[in-house]
Amino acid sequence: VSLAGGSIGGKGRGLVFINALIHNFDFEIFASQINIRTPVTLIIGTDAFEAFIKRNKLSETAIHSDIGYDELRKIFSRSRLPESLLKKLRLLASKLNRPVAVRSSSLSEDSQNQPLAGVFDTFVIPDTEDKNLLASRLAQAIKLVYASLYSDSARRYFRAIHRKVEEERMAIVIQELVGNRYGDYYYPHISGVAQ
């Protein structure tokens, strides 16, 4: 499900591909005991990122200023997402009943030659009965994933691959965690970074 237009980024493209593969391939022929499905996935296209940067006048601050990354994260946190996206996040929060991951999906991410695995931030948002709090946490995580495009490690990586961080755009993937609840805790089946 798309919550905003524009490019869905590299991770988004990969997830769309694997989802199509899973739904169009008859796995039961090879393993009848295995049920493979993709988790509920929502994508916020790069249009929302561009609107966020423009609306809050963050381009100069993020790209050309000498402020540290911790301060930049605070500036992004105080900035406001587009109202149309906030409305969709409130609706989404009202329907969630398990933890979700808010993940980066930059234009360059998950490419074959430059994977960028682990370069940008991911946030796990626990489920809560307070759906306003959940929507607020989703919005905050999105802003911090946007900020991670300008982190020190991301800037170093872009310099190493001879790309300009100011040419990059960020989409967001919101994905239900796949796992099980044990008492008051929810454990994902697997988590990690591979490069």
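In what order do the elements of the chain run from the N terminus on? Colour by secondary structure and read along: β-α-β-α-α-α-α-β-β-α-α-β-β-β. That comes to seven helices and seven strands, where helices (H or I, at least four residues) and strands (E, at least two) are DSSP runs, numbered from the N terminus.

Before you click further, note that this is a predicted model, in which local features need pLDDT of at least 70 and side-chain atom pairs count only at pLDDT 80 or more, while totals for chains, interfaces and linings use all residues. Residues are numbered from 1 along each chain as its sequence is written, and side-chain values use heavy atoms, with hydrogens and water left out.

**Whole chain**

Select everything. Along the principal axes, the C-alpha atoms fill a box of roughly 55 × 40 × 30 Å. Of the 195 residues, 42% count as buried, meaning under 20% relative accessible area with a 1.4 Å probe, protein chains only.

**Helix α2**

Now select residues 46-55, which make up helix α2. Show side chains for T46, A48, F49, F52 and I53, the buried residues of this helix. Look down the axis of α2: these residues fall within an arc of 155°, so they line one face of the helix. The arc is that of the directions from the helix axis to the C-beta atoms. Step just past α2 to K57, and you'll find a positive phi of about 50°.

Jump to strands β6 (residues 179-182) and β7 (residues 185-188), which run antiparallel and are joined by four bridges; strands pair if DSSP finds at least two bridges between them. Pick G179 and look across to P188 in β7, which stands opposite. Two residues sit between the strands of this hairpin, and G183 in the turn has a positive phi of about 65°.

**L177**

Back up to the loop between β5 (170-176) and β6, where L177 lies. Is L177 buried or exposed? It is buried, with a relative accessible area of 13%. Show what L177 touches, leaving aside neighbours within four places in sequence: R98, P99, V100, A101, V124, Y186 and P188. Contact here means heavy atoms within 4.5 Å. Last stop: draw a C-alpha to C-alpha distance from L177 to D152, 25 residues apart in sequence and 28 Å apart in space.

Definitions and conventions: Buried < 20%, exposed > 50% of the residue type's maximum accessible area, 1.4 Å probe, protein only.
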